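Please open the structure in your viewer and keep the selection panel at hand.

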Amino acid sequence: MESTGNPNPEAVTQAASPPDGRVEGRSLPRVIAVANQKGGVGKTTTTINTASAIASMGLRTLIIDLDPQANASSGLGLDVRSLQATLLDVLIDDLPLADCVQPTDTPELFVAPSSLRLADAEMTLYSMLSRETRLRQAVNGILGEYDYIFIDCPPSLGLLTLNGLCAAREVMIPIQCEYFALEGVGQLLENILKIRRSGLNPELEVSTIVCVMYDARTRLADDVVREIRNHFGGIVLRTVVPRSVRLSEAPQYGQSIHMFDPRSRGAVAYRDVAQEVHDGAATTAR
Ligand SMILES: Nc1ncnc2c1ncn2[C@@H]1O[C@H](COP(=O)(O)OP(=O)(O)O)[C@@H](O)[C@H]1O
Ligand SMILES: [Mg+2]
């Protein structure tokens, strides 16, 4: 299928395979950047609902909301206009990450909230020393406190996303089961390779691809899922997340799908996603 665009197959294999050949049994804590430079493809929905399902397994989990739109923060019930401390203070003023972390209604799930002013911060960051690794420095200070850290990246390949990709060990890419789904993914993979080769983050690997917004009524959706599996092979999760209105309603109530409607198809799918992700972890504790 030509219509979905073709990421360079070489970049796919290289970005997926870790440099040292390590594949299974990733040790905790795992730091996973959820990235795709297209907007509206399901990054935030995937972050919130995968992370909250993992937290519900009793694993201490942090979501870092790196998107100035702050959808992950508000989707977890925070009033983003009234926060005293946010990632902005962390990235620009060296506030320890722990000092901006907020609890959520889900036990074991925490969020480091974004600020609507984070977009301005991206400009300020450009002139700062070690501008690509400021988030990584902050994350290093709290690594021992969590089993999982998910970084919800903004829809761009700018400096904020670069900070997310430098702070993470793994990248999880949600891909919509639609026309042109793979458009831009090739560019993301090339960037990941560049980040590895530049030495900024030599261990970064694309560990997980998840097909989302699957509409069983269209044959196209099946074609796209097949194409994604052909391109990316074993890193594509078996679980496919369906298009479901309930998933899009939950954030308005500041709830994950598991609180909002735990029996819905979307909730079941994201619990399966979480289980598949955690199946890739080593059994040893952090
Ligand atoms: N599986 C799904 N079914 C229905 N709506 C979805 C699904 N996943 C995401 N959405 C909705 O699509 C929109 C974009 O999703 P979002 O997760 O915010 O994408 P991104 O973070 O990549 O911009 C949101 O309104 C969200 O509620
Ligand atoms: Mg988002």
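Please bear in mind throughout that the model is predicted.

**The ligand site**

Begin by selecting ligand 1, which is surrounded by 14 residues. The closest of these are Gly-40, Thr-44, Thr-45, Pro-242 and Ser-244.

Next, display the polar atoms around the ligand. At Val-41, a polar atom of the backbone is 3.1 Å from an oxygen atom of ligand 1. At Thr-44, the side chain places a polar atom 2.9 Å from an oxygen atom of the ligand. At Thr-45, an N or O atom of the side chain is 2.6 Å from an oxygen atom of ligand 1.

**Helices α2 and α12**

Keep Thr-45 selected, for this residue of α2 also takes part in a contact with α12. The crossing is right-handed.

Now show the side chains where the two helices meet. From α2 come Thr-45, Thr-46, Asn-49, Thr-50, Ala-53 and Ile-54; from α12 come Tyr-270, Arg-271, Val-273, Ala-274 and Val-277. The residues of this contact comprise 6 nonpolar, 4 polar and 1 charged.

**Helices α5 and α7**

Move on to helix α5, residues 118-126, together with helix α7, residues 159-167. Their axes are 9 Å apart and the packing angle is about 80 degrees, which makes α5 roughly perpendicular to α7. To view the contact, select Leu-118, Glu-122, Leu-125 and Tyr-126 on α5, and Leu-159, Leu-160 and Asn-163 on α7. Of the residues in this contact, 5 are nonpolar, 1 is polar and 1 is charged.

**Helices α7 and α8**

Which residues of α7 and α8 meet? On α7, select Leu-162, Leu-165 and Cys-166; on α8, select Leu-188, Ile-192 and Ile-195. The contact of α7 with α8 has 6 nonpolar residues, no polar ones and no charged ones.

**Two points in the loops**

For the next stop, select Leu-28 and Pro-29, which are joined by a cis peptide bond with omega of about -5 degrees. Pro-29 belongs to the loop between α1 (9-16) and β1 (30-34).

Finally, select Ala-70, in the loop that lies between β2 (61-65) and α3 (71-75). What is the phi of Ala-70? Its value is near 55 degrees, which is positive in a residue other than glycine.

Terms used: Residues are numbered from 1 along each chain as its sequence is written. Chains are lettered from A and ligands numbered from 1 in the order in which they are written. This is a predicted model: local features need pLDDT of at least 70, side-chain atom pairs count only at pLDDT 80 or more; totals for chains, interfaces and linings use all residues. Side-chain values use heavy atoms; hydrogens and water are left out. A crossing is left-handed if the near helix is turned anticlockwise from the far one by less than a right angle, and right-handed if clockwise. Helices (H or I, at least four residues) and strands (E, at least two) are DSSP runs, numbered from the N terminus. Contact means heavy atoms within 4.5 Å. Ala, Val, Leu, Ile, Met, Phe, Trp, Tyr, Cys and Pro count as nonpolar, Asp, Glu, Lys and Arg as charged, and the others, Gly among them, as polar. A residue is near a molecule or strand if one of its heavy atoms lies within 4 Å of it. A polar contact is a pair of N or O atoms within 3.5 Å; within protein, one must be able to donate a hydrogen and the other to accept it, and residues adjacent in sequence count only if both atoms are side-chain atoms. Axes are lines fitted to C-alpha atoms, for helices over the stretch in contact, and angles run from 0 to 180 degrees between N-to-C directions. Angles under 35 degrees count as roughly parallel, over 145 as roughly antiparallel, 65 to 115 as roughly perpendicular and the rest as oblique.
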